[in-house]
Amino acid sequence: AELLPLPRYASFAELIADKPDGVFITGPDRFHLPQLQQAVAAGIHVFCEKPMCTDAAEIPALKAVLHEAQQKNVVVTSCHPRRFD
């Protein structure tokens, strides 16, 4: 079977515009919440590494995006990477 190359994107916004079924958010922690918000707003399922936000001041925004995901029937899940254990 021939393997097709994976698409490449210049930005997360470009990826979201392509409307995938789901995304993995695995970049630096400071990008987790903004990328989670973009994906959920677009109705895209999300697998996000922990932490989903990096500051206590972001907790209301995290709660809001998780509520939005629930309303849209979008799955959001997370994990704790253990790369350096």
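This is a predicted model: local features need pLDDT of at least 70, side-chain atom pairs count only at pLDDT 80 or more; totals for chains, interfaces and linings use all residues.
An α-helix has 3.6 residues a turn, so residues three or four places apart point the same way.

Helix α3 spans residues 59-72. Its 14 residues reach 20 Å from the first C-alpha to the last, close to the 20 Å expected at 1.5 Å a residue. Just after α3, Asn73 adopts a positive phi of about 60 degrees.

The largest nonpolar core has 17 residues. Val23, Ile25, Leu36, Ala39, Val40, Val46 and Leu62 touch the most other members. At least two residues of this core come from each of α1 (12-17), β1 (22-25), α2, β2 (45-49) and α3. Helix α2 gives the most, with 4 residues. Residues up to four places away in sequence aside, Leu62 touches Leu33, Leu36, Met52 and Cys53.

Helix α2 (residues 32-41) also holds Gln35. The relative accessible area of Gln35 is 16%, and the cut-off for burial is under 20%; Gln35 is therefore buried. Beyond its neighbours within four places in sequence, Gln35 is in contact with Phe12 and Ile25.

Technical notes. Residues are numbered from 1 along each chain as its sequence is written. Side-chain values use heavy atoms; hydrogens and water are left out. Buried means under 20% relative accessible area, exposed over 50%, partly exposed in between (1.4 Å probe, protein chains only). Contact means heavy atoms within 4.5 Å. The expected span of a helix is 1.5 Å times one less than its number of residues. A nonpolar core is a set of buried Ala, Val, Leu, Ile, Met, Phe, Trp, Tyr and Cys residues joined through side-chain atoms within 4.5 Å.
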